[in-house]
Amino acid sequence: MRRAIVTCLLLLGAACGGESATPGDTLRVGLVTPGSVADAAWNAGAFAGLEQLRDSLLVDISHVEARTPAEQEEALRSYAAQGYAIVFGHGFEFQQPAERVAAEFPNTVFAITSGQRVAGQVVPIVFRIHEATYLLGRMAGALTRTNTIGFLGGMELPPIVLGLRGWEEGARAENPAVDSRVTWLNSFDDAAAGKEATLAMLRLGVDQVHHNADAAALGAFSAVRETPGVLIYGANANQASLAPDRVAASAVIDLPRAMLLLTREVLAGEFVPKVESFGLESDVVRFELNDRMRDTLSTALVQRVMLARDSIIKGLLVVAGTPAP
Amino acid sequence: MSDDAILIGFGAATVRVATPLLLAALGETVSERGGVLNLGIEGAMLGGALGAAVGAAQGSAVVGLALAVAAGLVAALLLAAVSVWGRADQIIAGTAVTLAAVGVTGLVAQRTFGSAGAGLELATLQPVEVPLLGAIPVVGPVLFRQSLLTYLGYLLIPLTWWLLYRTRFGLELRASGEAPTSARAAGVAVRWRRTAGALLGGALAGLGGASLVLAQVGTFTEKMTAGRGFIAIAIVVLGRWHPGGVALAALLFGAATALQYLVQASGLGGVPWQLLLALPYLLALVALASAVGRARAPAGLARDDQEES
């Protein structure tokens, strides 16, 4: 634990939450996040998942925040060296550090969210977020009056581009003539930039907005709230509360559920290294309508979207953003 | 949408984006004229943003402004204590202040707002239209339908000029920045002048951070200043340490930023977004390169007050 604590101290003001693990027979699970767990989005979800593991599976948990590649590798190594059974590296950037560390620690499972490939005990947890954003796009394509939809992206990372493709594909399925605008911020923190970028899109006629920019996207919600006639679609969590009358639906990733499913496998001794892929069928990736807006939507549209959802789950409809297996 | 509406939208966005930069850069101008290069300005802005959010969460934007100024003052006081009085290197001290501010604001924000964050229900400063001036076509809605902090920025341009060039304090401050040893020989309390300049700079940086929260987005997120403090320092250089030049440079940055959002949003293919995002910085480089012959920093900038300049 000492190394983890030192890592913690090195990170000014990092939230070193979670209980430190105590040696014993209980399974120990560690989580390394690339940023603060107070982001109400990506990292917060993972930390909530860790707490659920403690509460429902009675495992010992520990968490550290590690921002730079060197710190990230060190944090993974430190958990593995202490005999942690599962270490979650929360983000695709943990794939390579985990592969370097894993060779030395064959008894530890390294689960990398949005990871790229299986390598020994390193397994990627892949979210097929595009299945849910496709459904958001179907709604946006049907509801736009200006034939223009907009997407605000934090950075052009592969999982974010995947969600964007699903959103565009869904919109075109409803409305082949729809025009898609995309703005990249190169930041997940700059909410003021998120707002100005969104306002620029709204001024140019965008009336349906989706995003994947974590905290910076608060600016998008702020912009939509002050512009009449515009709808916004939440990402990664149900974001209806940010604009109760303007959020039509959200594409949700239930990180706690994914972490629970994987940890159960390890606990039961059934774990086999493979790509842990979660889509709509697993209920880890979900499409959630805003209940407050449901009455304002046409029944026909909601039925169409739900039918598409069922088709995706049954494998009858494949959203093309799907990466090759 | 008509061309006029797009032009007005672009102009208003330029002024909104420029406001926090203008406030912080005017403050940094005063600070640097006194010889204190404040790399802690990014931290002061971040502290100001958090102070504004914490105050606004109590239901009042005015309390937010007061806390923002206080946070900016604390950051500047730290820098002044260590580098002016303790004679530590300004660059290192300023960097430390900014790094500390990133950590402390994150911690305080988590304690204050919890994992749900500050939300979007904070009290804010809505745009106020200036009577008569606001009715001028195009110019009115661009310049005179803004928040009170923008108007404060307008007022501070001549005020800063007056302070620097028309008051005894300004003269002594500039002397402390240009030639501290000579100034001391002439009876100027150099360290006190430098401290005062740094504190003024900190207060204005705090207000700059506050404008992000109260006049723009209406919430606080960790690291939300995203380097604006460092941009403000570049703006001071670009504006050649003169309030008028600084104001123009802040507007240039605002315009370049607003323009790149507009170009990205217009969906014109072919231009990589990375290049668009770099536009404000590329413009600054070009402007700096073309102004380099004439630009000169205060001779005692970032130097100890005992050093011969």
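Which residues point one way from β5(A), and which the other way? In this predicted model, Val122(A), Pro124(A) and Val126(A) point one way from the strand, while Val123(A), Ile125(A) and Phe127(A) point the other way. Every one of these residues is buried.

**Strand β5 of chain A**

- Strand β5(A) covers residues 122-127, and because six of its six residues are buried, the strand is largely enclosed by the rest of the structure.
- In a regular strand the side chains alternate between the two faces of the sheet.
- Strand β4(A), residues 109-113, runs parallel to β5(A) and is joined to it by four bridges.
- Within that pairing, Ala111(A) has Val123(A) of β5(A) as its bridge partner.
- Strand β11(A), residues 276-278, also pairs with β5(A) in the parallel sense, over three bridges.
- Here the bridge partner of Val126(A) is Ser277(A) in β11(A).

**Helix α6 of chain A**

- Helix α6(A) spans residues 158-174, which makes 17 residues.
- From the first C-alpha to the last, α6(A) reaches 25 Å, close to the 24 Å expected at 1.5 Å a residue.
- The buried residues of α6(A) are Ile160(A), Leu162(A), Gly163(A), Leu164(A), Gly166(A), Trp167(A), Glu168(A), Gly170(A) and Ala171(A).
- These buried residues pack against one helix, α5(A) (129-143), and against the strands β6(A) (148-153), β7(A) (179-184), β8(A) (208-212), β9(A) (231-236) and β10(A) (247-253).

**Chain A as a whole**

- Chain A contains ten helices and twelve strands.
- Its radius of gyration is 20 Å, close to the 20 Å given by the globule rule for 325 residues, so chain A is as compact as a globular protein of that length.
- Along the principal axes, the C-alpha atoms of chain A fill a box of roughly 60 × 45 × 30 Å.
- Buried residues account for 59% of the 325 residues of chain A.
- Of the contacts in chain A between residues at least 6 apart in sequence, 68% join residues at least 24 apart.

**Chain B as a whole**

- Chain B has twelve helices and two strands.
- Read from the N terminus, its elements follow the order α-α-α-α-β-α-β-α-α-α-α-α-α-α.
- The radius of gyration of chain B is 19 Å, close to the 19 Å that the globule rule gives for 309 residues, so this chain is as compact as a globular protein of that length.
- The C-alpha atoms of chain B occupy a box of roughly 65 × 45 × 40 Å along the principal axes.
- Of the 309 residues in chain B, 53% are buried.
- Among contacts in chain B with a separation of 6 or more, 78% are between residues 24 or more positions apart.

**Contact between the chains**

- Contact between the chains involves 38 residues of chain B and 35 residues of chain A.
- On the side of chain B that touches chain A, at least two residues each come from α1(B) (3-33), α4(B) (90-113), α9(B) (190-217), α11(B) (243-265) and α12(B) (273-291).
- Helix α4(B) gives the most to this side, with nine residues.
- By class, this side of chain B has 22 nonpolar, 13 polar and three charged residues.

**Arg166 of chain B**

- Arg166(B) lies in helix α6(B), residues 148-166.
- Arg166(B) has 10 other C-beta atoms within 10 Å and is therefore exposed, the cut-off for exposure being 12 or fewer.
- Arg166(B) and Leu207(B) are separated by 41 residues in sequence and by 24 Å in space, C-alpha to C-alpha.

Definitions and conventions:
Residues are numbered from 1 along each chain as its sequence is written. Chains are lettered from A and ligands numbered from 1 in the order in which they are written. This is a predicted model: local features need pLDDT of at least 70, side-chain atom pairs count only at pLDDT 80 or more; totals for chains, interfaces and linings use all residues. The expected span of a helix is 1.5 Å times one less than its number of residues. A residue is buried if 20 or more other C-beta atoms lie within 10 Å of its own, exposed if 12 or fewer, and partly exposed in between; C-beta atoms are placed from the backbone. Two residues are in contact if their C-beta atoms, placed from the backbone, lie within 7 Å. The radius of gyration is taken over C-alpha atoms; the globule rule is 2.2 Å times the number of residues to the power 0.38. Ala, Val, Leu, Ile, Met, Phe, Trp, Tyr, Cys and Pro count as nonpolar, Asp, Glu, Lys and Arg as charged, and the others, Gly among them, as polar. Two strands pair if DSSP finds at least two bridges between them.
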